[in-house]
Structure formats: structure tokens, C-alpha cells
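I opened the notebook to look up two residues and one annotated span. The entries follow in the order I made them.

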Amino acid sequence: MASTADFKNGMCIHFKTGLYTIVQFQHVKPGKGPAFVRTKLRNVKTGKIIDNTFTAGLKIDVARIERRPYQFLYKDDMGYNLMHTETYEQIALEEELFNAPDLLKEGDHVEAVIHADTETPLYVELPAHVVMEVTYTEPGLRGDTSSTNSLKAATIETGATIMVPLFINTGDIIKVDTRNKEYVERVKQ
């Protein structure tokens, strides 16, 4: 058990009927009345953010979560098969636990967030950026430069389609942000 004085961003707590991580918090001591803590909480399962106010000093139940390194091996009818990079233990997880499963290719390293008390996987995070090859895009036209803000669709090696600038061609290597599936930059070879 902990109290509201122990709040930190990223802390995972048992709240109402599920697990929530603290996105933001603020201790408030008004001139009149008791102190309180205003928070924004993210539901671990759904990702929905809620606002909640706790009275100062309230006891809360902290959830023990662990971040474990895994390597993606392959996908089959059981789900996404991962191998722990230290113990070589293999697990199969369903697609709903991944933040961007269409940007995952064999051999990529990911982090699984596990509820330590029940050994239940909560979600899997890909690295912030991945490097991919463009397998198909319409050819750029003469005069298309990096100064234009126009975008076109491009298919990358995992089969996902993202929007890229007009100067990107088939065979280019690009960096993609896994959090919002957006083009970041062209990678020099």
C-alpha cells in the first residue's frame, strides 16, 4: 500500500475495476478545505484516459508491473510468438496487446509489460522508431522536393501502408514512428 504522496508519472495502480497508469498528477492545497491530488489516469487495457481527484493521504494499491525484453519470432494461428531475450522462454500473445502489430517484422525487439503478481501480459511496446524498406509507392514526379508538404501512400516491407513525402521511391529505407505510424525520415545507406 502507498499513499497519494507517493504518486509518480508512470506508476501503475489498482483503481475501481482495473489497472491504471498515472499520466499526470498535481498536488493541490487550497486555502480553504483539505488538500487533494488531481490526476489523469490511463486504463492499461483500453488506453482510455480519465480524470480523477483523490483526497490527500488516501491509501492506494500499487500494482507491480515488470518490463521484460522479448524478440519477435513469427506469427501463426496461436498469435505472435515472442522469445524472452535472457531466459529464451517463448510465449504467444494475441494481436490486441501490441500498439502497432503491422510494423513488426521477424527479429524485432519489443518490451512486454507484465503484471508481476498474476504473470498476465498487459501490453507490448515496439521501439519508438523502426527502419523499414518501401516495397511499393507511386514514382515521384520531377520537381518534387523535400520542401513540399504533399504526401502519398507507400507500402512497406511488413505490408502496412503509411503516408510518405513525394520524393520517397520504391526501395528507399525509411524510419517510421510506431506510436502514430507516421514517416520520420529517409535513412542514409
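In which strand is N81 found? I found N81 in strand β8, residues 79–84; strands here are DSSP runs of E, at least two residues, and helices are runs of H or I, at least four residues, numbered from the N terminus.

I noted that this is a predicted model, where local features need pLDDT of at least 70, side-chain atom pairs count only at pLDDT 80 or more, and totals for chains, interfaces and linings use all residues. Residues are numbered from 1 along each chain as its sequence is written, and side-chain values use heavy atoms, with hydrogens and water left out.

I looked up the partners of N81. Leaving out residues up to four places away in sequence, N81 touches Q71, F72, L73, Y74, D76, I91 and A92 (contact means heavy atoms within 4.5 Å). The side chains of N81 and D76 are joined by a polar contact of 3.1 Å (a pair of N or O atoms within 3.5 Å; within protein, one must be able to donate a hydrogen and the other to accept it, and residues adjacent in sequence count only if both atoms are side-chain atoms).

I then turned to T137, which lies in strand β12, residues 129–137. T137 is buried, as its relative accessible area is 3%. Its side chain reaches the backbone oxygen of A153 at 3.0 Å.

Last, I read the span of residues 67–122: its end C-alpha atoms lie 10 Å apart, and it is 0% helix and 54% strand.

Note on methods. Buried means under 20% relative accessible area, exposed over 50%, partly exposed in between (1.4 Å probe, protein chains only).
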